[in-house]
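Open the model in your viewer and keep the selection tool handy. We will go from one selection to the next, with a look at what each one shows.

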Amino acid sequence: MPISSQQHAEIEQRLRQSRKDVMDAVADRIGGEAPSIAPATHTAQNEDMPQAEMISHNEEHYADHETTLLHEIDGALGRLETGGYGICVECGREIAPERLMATPTVQTCIPCQEMLEREQRRVNGPPPQI
Ligand SMILES: [Zn+2]
C-alpha cells in the first residue's frame, strides 16, 4: 500500500527538519551560514564516478556523514516531489510505510537492505570503527 498523503506530508516535514538540523550544525561549527552543496541528482545518476569528483568545494565544510546525509535527504525530497518516493531502488516494490516513517531516507525495502548489507560485508569486510 502506498503511503497516505498525511504520511507524505509528515515525511516531507521530517526530511526538511533533518536538513535544517544538519545545516544549522555546520553553520554553528564554521561560525557563519552553511554553504549549499551540490544537488543530490548529481550523485544519484553518476554512481560510478569516483567520490572525489562529486564533492564540490563547498562540501569541505561538511563532515562526510553530513554530506551523505544531505544527499540522502535531498534525494528523498526529490523523490517525494516526482513520485518515486517509497519505491525500492533494488526491486521496484513499495517500501513499507512504517519503514519510511522510521527512516525517511531509506531507498530499499528490508529484504534488499539485508541482501546489500550481506554483500557489502563480503566485499569490503566489516565497516571501519571510527
Ligand atoms: Zn527491494
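Start by selecting residues 88-112, where UniProt, in an unreviewed entry, places the feature "zinc finger region: dksA C4-type". UniProt positions are given here in the numbering used for this model, feature names are shortened, and annotations may be inferred rather than shown by experiment. The end C-alpha atoms of this span lie 8 Å apart, and the span is 36% helix and 0% strand. Helices (H or I, at least four residues) and strands (E, at least two) are DSSP runs, numbered from the N terminus.

A word on what you are viewing: this is a predicted model, in which local features need pLDDT of at least 70 and side-chain atom pairs count only at pLDDT 80 or more, while totals for chains, interfaces and linings use all residues. Residues are numbered from 1 along each chain as its sequence is written, and side-chain values use heavy atoms, with hydrogens and water left out.

Next, select the zinc ion. Which protein atoms are its donors? They are the SG atoms of Cys88, Cys91, Cys109 and Cys112, lying 2.2 to 2.3 Å from the ion. Donors here are N, O and S atoms within 2.8 Å of the metal (3.2 Å for Na, K and Ca); water is not among the atoms, so sites may look incomplete. The angles among the four donor atoms are 104 to 117°, and the site is tetrahedral (for four donors, all angles between 85 and 135 degrees). For reference, the ideal angle for four tetrahedral donors is 109.5 degrees.

Along the sequence, the donor residues follow the spacing C-x2-C-x17-C-x2-C. Cys91 sits in the loop between helix 3 (64-82) and helix 4 (97-102), and Cys112 in helix 5 (residues 110-124), so this pair ties together parts that are 21 residues apart in sequence. Colour by accessibility: Cys91 is partly exposed at 31% relative accessible area, whereas Cys112 is buried at 9%. Buried means under 20%, exposed over 50%, and partly exposed in between (1.4 Å probe, protein chains only).

Now move to helix 3. Its 19 residues should span 27 Å at 1.5 Å a residue, and its end C-alpha atoms are 27 Å apart, which agrees; the expected span is 1.5 Å times one less than the number of residues. Buried residues in helix 3 include Leu70, Ile73, Leu77 and Leu80. Just after helix 3, select Gly83, which has a positive phi of about 100°.

Finally, zoom out: the protein chain has five helices and zero strands, and buried residues make up 32% of its 130 residues.

Methods
Tetrahedral: all angles 85-135°; square planar, octahedral: opposite > 155°, others 65-115°.
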